[in-house]
Structures are given as structure tokens and as C-alpha cells.
Amino acid sequence: MIDSSVDASPLLPPDSSAWLGRTLALSCGLWHGAADLDAAQLGKYRLLADWARITAHVRVLDVGSGHGGMLRHVSDECGVTSACGIDSSGEACQAVMRLGLPGVRTYHGDYRGFAPDRPYDVVVSIGLLENVAGPLEAARQPDICAEFFALAHAWTAPGARLVLETTISGHQSDWPPEASRYLEAMRRLGLSGALLSLDRLLATCGQWWEPIHVRTHRDDYARTFSDWARRLRALPRTVQDSTLADWLEFTTNGAVLFRHGALSVAHLGLRRIDCSGARFPRSPAAGSR
Ligand SMILES: C[S@@+](CC[C@H](N)C(=O)[O-])C[C@H]1O[C@@H](n2cnc3c(N)ncnc32)[C@H](O)[C@@H]1O
């Protein structure tokens with residue numbers, strides 16, 4: 001499905017697998033027992049699939065699915081035969097369709113315009129929430145998160161699970177000098193920097209979703225950023241893309257911010273709160289089902 005009102009510009013430079021690895025995941029790998037970046041991303045997919053109790057028979061919705069690393073995992077490793085990836089990047093949606101995963105489709109558009117034909121059993125969202133609000137909208141981030149959790153509730157069946165990865169503000173409130181170079185690179189790349197604290201994130205989701213698993217993986221994201229930067233530095237000089245210098249700036253300085261503790265990353269495993277609708281504020285999607 002195509003929502004023509006959204007920007008179809010490519011998210012990543014061509015051949016980004018040279019620095020992002022096979023999955024093209026622009027999100028945190030989990031390095032425990034992992035020999036390289038691909039194994040670290042697989043470790044993250046395994047953890048989230050386990051928390052979400054994904055088996056062959058569940059219907060999975062991946063919001064902000066990017067190039068489809070998680071969708072490929074649930075299809076190939078969990079045997080899922082009904083899944084949908086939502087992404088506002090046309091290039092990312094096309095990349096997912098090129099994977100040719102049986103029963104996996106995409107919705108190209110803003111997730112706030114999505115209305116499912118049938119309820120889903122699992123919602124996955126990796127690296128989306130911190131990218132929805134532009135820097136100028138940072139103050140709206142709690143509303144954006146609340147709307148996301150309400151929508152995910154409206155899209156799902158009783159008993160559903162939601163697994164989430166999002167960058168959060170870390171425990172250090174003093175930001176090191178690298179922060180300005182990181183934020184500048186993000187601005188040039190069109191990425192957002194609007195973050196919540198873990199407390200705020202949990203308080204926001206709690207109206208619709210019960211936290212079952214809550215973990216932070218700051219060191220893992222520092223290592224992922226460092227690995228991206230190392231691979232970017234090693235690219236042959238013949239690789240031409242005007243944004244590569246910005247990606248290098250973003251990854252090099254991002255690694256410092258995660259190591260310092262100014263930034264962190266949360267992984268949440270949540271269970272849908274199933275009770276009479278009267279308890280809930282009206283969800284934005286309630287009218288579209
Ligand atoms: C940081 S990337 C993460 C992608 C993927 N989940 C991964 O792990 O690599 C965030 C993704 O969210 C998508 N996105 C951002 N805002 C969106 C929106 N409002 N609706 C749908 N997708 C959105 C972007 O196009 C991008 O593919």
C-alpha cells in the first residue's frame with residue numbers, strides 16, 4: 001500500500017551493508033556471545049522474538065520496519081506466515097518486498113494512517129519512536145509516544161505483545177563536547193533527536209501496556225556505533241556518497257555519547273492490558289477499525 005503524501009527519499013546510501021552488515025539494521029545489536037555485527041543484530045531479534053512469544057501462527061506488525069531485518073527473522077527463523085512492515089520510506093518498503101518473504105507485505109506510509117484489516121497478535125517497533133518527532137517537536141515526544149501506544153493497542157487482539165527498542169536519555173545530564181557534532185550530523189541526515197527518559201517511557205506506555213521485560217543496553221549500543229564507525233572508516237576511497245562523512249560523524253560521536261551515559265537504549269517487552277474500553281482514553285485509531 002502506498003500513501004503518496006509521504007517522502008519516498010532513500011534512507012541510506014547505496015551499498016550500506018558494508019557498514020551496517022547484512023541486516024541493514026540502523027539499531028542496536030546485542031553483543032553478548034556475538035562475534036560480529038550480524039550476530040549481534042541476530043541476538044537482538046532473538047531476544048525480542050522470545051519476549052513477544054513469536055511462533056509460526058501469530059500475526060506480526062513491524063512499525064518502522066526499515067530494510068526488514070526483523071521481518072526476515074520472524075519469517076525465516078520463527079516460521080511466521082502473516083506479517084506486515086510499516087515504513088514511511090518507499091525505498092525501505094521496496095527492500096522488504098525484494099526479500100520475497102512468504103506472507104509478508106508492507107504499508108508504505110506514516111503509521112498514524114495505518115488501519116489493519118484484522119487485529120495483530122504482536123507489534124514490534126525498533127528504532128522508530130526517537131525518529132518520529134523532529135528536533136523542534138521534542139516537547140511533543142510524550143504525546144507521540146502515548147499516541148503510538150494507544151494505536152498499537154487498537155491494532156491488536158487481546159493477549160497481544162508489544163516489543164520495542166528506543167533510544168532514551170541516559171543517566172548523565174552533562175553532555176560531552178561531542179554532543180554538538182552528533183546533533184549537527186543528525187540534523188544534516190534528517191534524523192531526529194527527541195528522547196524520553198526510561199521513567200517517562202514506562203509511565204506513558206502503562207495506560208495500555210503492562211511492562212513484562214525492561215532492559216537497557218547502553219554498552220551494546222556504544223559498541224554498535226563504534227563498529228559502524230570502524231566499518232565506515234575502512235570503506236575504500238572509491239565509495240562516493242555525500243552523506244558518508246555525516247554518517248561517520250554521527251556514528252563516531254554517537255559512540256562517545258552512549259559510552260559517557262548521556263544516551264542509552266531501552267528494550268521493552270509489554271503485554272496488552274485487556275479490559276473494558278471504558279478505562280482507556282479514546283485511541284486515535286479507534287474509529288478506523
Ligand atoms: C532508525 S530506522 C530503524 C529501522 C529498522 N527497524 C531497523 O532496526 O533498522 C527508523 C525507521 O522508521 C521509519 N519511520 C520514521 N518515522 C516514521 C513514521 N512516522 N511512519 C512510519 N515509519 C517511520 C524510517 O523510515 C526508518 O526506516
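# Close-up views of a predicted chain

Buried residues account for 48% of the 289 residues in the chain. The model shown in these views is predicted.

**View 1. The chain as a whole is built from 9 helices and 7 strands.** Of the contacts between residues at least 6 apart in sequence, 75% join residues at least 24 apart.

**View 2. The largest nonpolar core of the chain comprises 79 residues.** The residues with the most contacts inside this core are Ile 54, Val 60, Val 74, Val 122, Val 123 and Val 124. Helix α5, residues 141-155, gives the most to the core, contributing 9 residues. When neighbours within four places in sequence are left aside, Ile 54 is in contact with Ala 49, Val 60, Val 74, Cys 78, Val 80 and Val 122.

**View 3. Helix α5 is largely enclosed by the rest of the structure, because 11 of its 15 residues are buried.** The buried positions of α5 are Gln 141, Ile 144, Cys 145, Phe 148, Phe 149, Ala 150, Leu 151, Ala 152, His 153, Ala 154 and Trp 155. Their covering includes the strands β1 (59-63), β4 (120-126), β5 (156-169), β6 (209-216) and β7, together with helix α7 (198-205). From its first C-alpha to its last, α5 reaches 21 Å, close to the 21 Å expected at 1.5 Å a residue.

**View 4. Helix α9 covers residues 244-260.** The 17 residues of α9 should span 24 Å at 1.5 Å a residue, and the end C-alpha atoms are 24 Å apart, in agreement with that expectation. Buried residues in α9 are Trp 247, Glu 249, Phe 250, Thr 251, Thr 252, Asn 253, Gly 254, Ala 255, Val 256, Leu 257 and Phe 258. These buried residues pack against α6 (178-189), α8 (218-233) and β7 (263-272). Just after α9, Gly 261 adopts a positive phi of about 105°.

**View 5. Thr 252 has its place in helix α9.** Thr 252 counts as buried because it has 20 C-beta neighbours inside 10 Å, where 20 or more are required. Thr 252 and Ala 229 are 23 residues apart along the chain, and their C-alpha atoms are separated by 5.5 Å.

**View 6. Helices α6 and α9 cross at roughly 140°, their axes coming within 8 Å.** That angle makes α6 oblique to α9. The crossing of these two helices is left-handed. On the α6 side, the meeting residues are Glu 178, Ala 179, Arg 181, Tyr 182, Ala 185, Met 186, Arg 188 and Leu 189. Their counterparts in α9 are Asp 246, Trp 247, Glu 249, Phe 250, Asn 253, Gly 254, Val 256 and Leu 257. The 12 residues of α6 should span 16 Å at 1.5 Å a residue, and the end C-alpha atoms are 17 Å apart, which agrees. Gly 190 follows α6 and has a positive phi, near 75°.

**View 7. Helices α8 and α9 cross at roughly 150°, with axes that come within 8 Å.** The two helices are therefore roughly antiparallel to each other, since angles over 145 degrees are classed in this way. The crossing of α8 and α9 is left-handed. From α8, the contact is made by Arg 218, Tyr 221, Ala 222, Phe 225, Ser 226, Trp 228, Ala 229, Leu 232 and Arg 233. From α9, it is made by Leu 244, Trp 247, Leu 248, Thr 251, Thr 252, Gly 254, Ala 255, Phe 258 and Arg 259.

**View 8. Helices α2 and α3 pack at an angle of about 65°, with their axes 10 Å apart.** The crossing of α2 and α3 is right-handed. Gln 41, Tyr 45 and Ala 49 of α2 make the contact with Gly 69, Met 70, His 73 and Val 74 of α3. Ala 49 is also among the residues in contact with Ile 54.

**View 9. His 32 lies in the loop between α1 (17-20) and α2 (37-51).** His 32 counts as exposed because it has 9 C-beta neighbours inside 10 Å, and 12 or fewer place a residue in that class. Although His 32 and Asp 220 are 188 residues apart in sequence, their C-alpha atoms are 8.5 Å apart in space.

Terms used: Residues numbered from 1 in each chain as written. Predicted model: local features only at pLDDT ≥ 70, side-chain atom pairs only at ≥ 80, totals over all residues. Helix = DSSP H or I, 4+ residues; strand = E, 2+ residues; numbered from the N terminus. Expected span 1.5 Å × (residues − 1). Contact = placed C-beta atoms within 7 Å. Core = buried A, V, L, I, M, F, W, Y, C linked by C-beta atoms within 7 Å. Axes fitted to C-alpha atoms, helices over the stretch in contact; angles between N-to-C directions. Parallel < 35°, antiparallel > 145°, perpendicular 65-115°, else oblique. Left-handed = near helix turned anticlockwise from the far one by under 90°.
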